[in-house]
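Biologist: Could you take me through the charged pairs in this structure, step by step?

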Amino acid sequence: MLCTLKSLDLLFPLDQLDHPSRFSRIVTDEQGRLLRAFADHNGVWRHPVKIEQVSKNYIEALVEYEDQRFWSHLGIDPYALIRAFIQNITCNCIQSGGSTITMQVARIFYPHEKSLSGKLLQALRALQLEWHFSKTQILELYLNNAPFGGTIEGIQAASRTYLDKNANELTDAEAALLTVLPQAPSRYRPDRYPGRAQKERNKVLKRLNTQGTWSKERIAIAQHEIVLAYSPKRPQYAPLLSRALISTYPNEQVIHSTLNLDLQSAIESYVKDKSELLPDKTSMAVLIIDNANHEVKAYIGSSDFNNTERFGHVDMVRAIRSPGSTLKPFVYGMAIEDGLIHSHSLLLDTPRYNSPYRPENFNHRFSGPVSATAALQKSLNLPAVQVLETLGPDNFYGRLKNAGVTLEVPGQPNLSLALGGAGSSLFDLVSLYSALANNGQVVTPRLRQASTLSASRYLLSKEASWITYKMLSSAPRPDQLHSPVFFNDTNPIAWKTGTSFGYRDAWAIGVSKDITMGVWVGRPDGTPVPGHFGSATASPILFDVFANLPGRRQSIKSPPKVSLQHICWPLGLLESKTPAPLCHRKKQAWVDQMKVPPTLPEPGMEHWRPNPYNIWVNAKNNKLVDKNCHVDASVKRAIAIWPRVSEPWIHHKFWFYNQLPKLDPACQAPPTISIRPLAINSIENNSKFRLPDTSTTLELNLSALGGQGTLDWYLNGRYVGSSLQGHAYPIAISQKGIHELVVLDEAGDLDRIEFEIL
């Protein structure tokens, strides 16, 4: 007999019953909750599960109801077969089948006709299964392959589909329901026939009561539970990330992501609703990471995966786009670390002297002298370029690359890096910003729990990182009143917006102690979206989401080597080391290890004039002299000089020429430093013009007195042309409103006026 069975086993071997191709591929959240499943090649939804991942009450109900002697028989239960035979003969009907769980597994994998020969083949396959597999393995085959209606197979797929929970979370009533459902899946489907399903469930509970498996109290509670089930609906959370993970890890059946389903689903719904207010074909992306463990907690790659009109299939978290102004904080951070600036260094938002690169500000205006903090918070372009020029574009690019973020740069790195002249992704930008909450260290965010956490890579010192964070977090938030009464410092968020050239990309990135979040809005095809930019479109989304995140209330503590110091403008040095007459404006600055660098020299003027500047005066009358003046004795006096291009924005008493004493009559010729300054003479400040009745444009001839060399003209922050000394520059203006006119000479002198066209 044994030889015969061995021969049959060799002639009719078992298939590979647990082959991975039989199962759906699944992506779950951090708690094992289903994000998205991909059906097998036959379109069947079968979610792999181990016996320890199924609730014990279901295992108890299944074994007691279907096969009491499962753990002891050899695949066939003679007692059950005899009982079934007697019951069926007695009622002249099929009341009981007598099949064991092992026999049911055999029928699932090797279907047969309902006949005596079919039953015999089923029994032989059951014996064969018991020969090759352990009881636990056989039970797992049942758990993974039992039919539950339509294309739903296996307890995990059934539990997730009908009850929206994992199989280890079943109540007693739910366990009893899913125990009986495979007997007639179509007839007892709880979503379609809850009454039938409840009646059959109660039969299972009655059996468990009769056999004493569960207590009467437990049975009574389960019987009072109403059958409620969902219609089959495939979860589709984080569809773009799920698709990427399935492709990246083709040999993994179940991929456990780091996402949080509650957060993911809430933000997906919010983004979908919010994007309906955006122009056609505009999409949105949001990425959230946990700063402590560097895990991605929410990944929304598009505004709506199923909306082809909005390019829902394009993952904008990974897409390479122009980052706009979002790299500026790291320009300032690196300059702080290198001792080039501190948080309130005097920078210049003025036309650039003698430079071919003349970027404009977003508001088409100049602000004059600004602190590094104000320049960063207002996202002014010219100060950022000034700092990057001193830092060095190659240096900046290389340090980002060493931190693990490589920008896509056409050609050699240049000054446009500060304004978005490179390619980056939301994923990389959020990685960079998370360093502000991690002592300046960049760690690549983890998307999959099984992935090894990458090593941290140096971006900034912890001191420079914190100062940059502080500069950004002290910015007035657009979602709050700016009165100190309403300012909430208990939940500081360092944030920055950005807009790429032509309104193609709107960015907002925020960092709290616990969370780093990035938002992108735009058209995936690169078409401009006029009127939509970072501060107006992306930042409200950032703060909306932040406001609904629980418990983000701790501020980042400053490193011990960072201190708040009083400094003086225009020199930029400590107040304690600056003579009182040279301290024109006092500021408070965060400094790194007491590194208080002097004010950066004006671009193009580095070697022209030291600061403070020494002049000579007659010792008797304190009037200005030089070596050509014949006086008995002269003494040296120091004056603090503001950048000459900043003078139109500061009090006139601090202008260079106004700080000079009157000329000494003993001088045969005026000292060279007293040459007449540059001044626009063709238009008076605050003039008003009206467009001619016969024309839509106003024609003006621009001219200036004083100054040296070629004159560069700027209208509303934009370079419009150059003229020679003594020559007028013609210009035609059609736009009504207030205009800013600036002229700059070759020595770096500047004059500025405003006029209005009515």
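Modeller: Asp29 pairs with Arg33 in a salt bridge, a side-chain nitrogen of Lys or Arg within 4 Å of a carboxyl oxygen of Asp or Glu, and the closest N and O atoms of this pair are 3.0 Å apart. The model is predicted, with local features needing pLDDT of at least 70 and side-chain atom pairs counting only at pLDDT 80 or more, while totals for chains, interfaces and linings use all residues. Residues are numbered from 1 along each chain as its sequence is written, and side-chain values use heavy atoms, with hydrogens and water left out.

Biologist: Is Asp29 buried or exposed?

Modeller: Buried means under 20% relative accessible area, exposed over 50% and partly exposed in between, with a 1.4 Å probe and protein chains only. Asp29 has a relative accessibility of 0%, so Asp29 counts as buried.

Biologist: How far apart in sequence are the parts that Lys274 and Asp544 tie together?

Modeller: These two residues form a salt bridge whose closest N and O atoms are 3.9 Å apart. Helices (H or I, at least four residues) and strands (E, at least two) are DSSP runs, numbered from the N terminus. Because Lys274 lies in helix H12 and Asp544 in helix H19, the pair ties together parts separated in sequence by 270 residues.

Biologist: Which residue forms a salt bridge with Arg321?

Modeller: Arg321 and its partner are both buried, and the closest N and O atoms of the pair are 2.5 Å apart. Arg321 sits in the loop between strand S7 and helix H13, and the partner, 184 residues away in strand S13, is Asp505.
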